[in-house]
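User: Could you take a close look at one part of this model for me? I'd like the ligand site in some detail.

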Amino acid sequence: MNNDFLWWRDGIIYQIYPRSFADSNNDGIGDLPGIISKLDYLQGLGVDAIWLSPIYPSPDVDFGYDVADYTAIDPKFGTMADFNKLVKEARKRDIHIILDLVLNHTSDQHNWFIESRKSKDNPYHDWYLWHDPRPDGSPPNNWAAIFGGSAWEYDPDLGQYYYHMFYKEQPDLNWRNPDVRAAMLNVFRFWLKKGVDGFRLDVFNEYFKDAELRDNPRKPGLRAFDRQKHIHDVSQPEMYPLLEEIRGILDRYKETYVVGETFLADTERTASYCGEDKLHAAFNFDFAKNHWHPKRFLDSAEKWYAALGAGAWPNNFFSNHDMVRAASRYCFGEEDGRAKVALALLLTLKGTPFIYYGEEIAMRDIPIRRKADVLDPIGRTFWPFHKGRDGCRAPMQWNAGQNGGFSEADPWLPVNADYPKRNVVNQNADPNSTLNFFKQLVAVRKAEPALQRGAFKALTEDPHTLLAFERSLDKDQLVVVLNFTSRELDYDLPEGKWQPVFGEAVRTGQTVHILPYQVLIYKK
Ligand code: GLC
Ligand code: CA
């Protein structure tokens, strides 16, 4: 490995949804000892960091994204001793730990909220957004909740409403209260002291809302939530100085990282939160949500690079715990051609690759057929228009054994029925599998600093079938060619002498013959 290697810029980040990765005690729910037992696998993949979706005590209305205690481990995932062991064992393998901080809202079972609703003079009352009704008894303003209905929930005992952007069991904190701010900044310090290397901030640009509670203007839209312009309930200017403060806390530790999940924000707004005294990076949903077309991906990536200022580094992802998996969106049947090209994009474009567990074997979503089976609150509320997010949260497919090797008990969500074929053990044995494709490409990326932090230049203008680009660093120059189609194509390499470093192709002079969904990399 080269000396300038910086894990969060040059490495690969792997998102684990802890409920679904590996179940060590056979209760059907993944846990920390399960993750520890898979660290060798992750090291073998070439992963440099793992981001764990929330592992804190939670009543699981939103499966961990409703936190009841920020500085403890939920017993279903294990103990603090297990967590300490995970940090230690991960470090031995050069794997960094990124925790998911959900600081916009708590669970309604968090002690702070339980206190806050006791009375208006309770010391915790002002920790949340409590407001009196309007004279006619209606909510303080027109703000809507993204999980359905008004964002205001009436508490008859108090005679006041509290605000929640998500479920009513997820009351939003009052970040203007200095005690809340101080408590939250201490959460960062607590986990940094434990050896955590970074954080993913859940919907961070939602922390502040308009102090005057002005109504959002109306606009046409399908759901009530979409029928307003969200200008007063999200992305308020107070977020910038707060990010500076957070970054200041992180910068006291070596090589720490913070990546934000922006909410209802376009590329430019998302980029505005990244930089030297802000976030290291944020998630660019514009890229992830593209249809299968090389020009779309190229345009999104170039827009992202152009929007990011100095001190920020791009990142790229296709899948996470909130959206249909890339392989389900892009592939036909059990064919993995497009899944491989998508993985290659993540590993070769400029930007830190974020891989969602199972993406390396091109796991597909499980089908969600009946409302009665849905666990995710979004699916239960919006069925059948939105079937919820259970599909992409199914257990990891390790082997062809019982429940895909995830657990000996009935898992909390069913394992995809394709597990007897699609699993880690089978793909390890198959030289043409997506898993081996991924591992080989990771090895090339690790050997070539230009593929990590090199400059990016598109070589195909207006690409419709094939995308080619250059990555260069110092004297190194590499060309990446990706065939987005199921047809064989020819590509003319730029001037110069090029040696293949990934993929084999028939070549006549500068012209290479590229097979369907093939990925080729050349070095000058
Ligand atoms: C984020 C999370 C999502 C959660 C929501 C509310 O978008 O990724 O899973 O439901 O925030 O916390
Ligand atoms: Ca378990």
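How many nonpolar, polar and charged residues are in the shell around ligand 1?

Analyst: Quick ground rules: this is a predicted model, where local features need pLDDT of at least 70, side-chain atom pairs count only at pLDDT 80 or more, and totals for chains, interfaces and linings use all residues. Residues are numbered from 1 along each chain as its sequence is written, chains are lettered from A and ligands numbered from 1 in the order in which they are written, and side-chain values use heavy atoms, with hydrogens and water left out.

On to the shell: around ligand 1 there are four nonpolar, three polar and seven charged residues (Ala, Val, Leu, Ile, Met, Phe, Trp, Tyr, Cys and Pro count as nonpolar, Asp, Glu, Lys and Arg as charged, the others, Gly among them, as polar). Of these 14 residues, the ones that come nearest are Asp-62, Asp-202, Glu-261, His-321 and Asp-322; being near takes a heavy atom within 4 Å.

Some of them make polar contacts, meaning a pair of N or O atoms within 3.5 Å. The side chain of Asp-62 puts an N or O atom 2.5 Å from an oxygen atom of ligand 1. For Glu-261 the corresponding side-chain distance is 2.8 Å, and a polar side-chain atom of His-321 also sits 2.8 Å from a ligand 1 oxygen. On its own, ligand 1 has 300 Å² of accessible area, and the protein covers 96% of that (Shrake-Rupley method, 1.4 Å probe).

Methods. A polar contact is a pair of N or O atoms within 3.5 Å; within protein, one must be able to donate a hydrogen and the other to accept it, and residues adjacent in sequence count only if both atoms are side-chain atoms.
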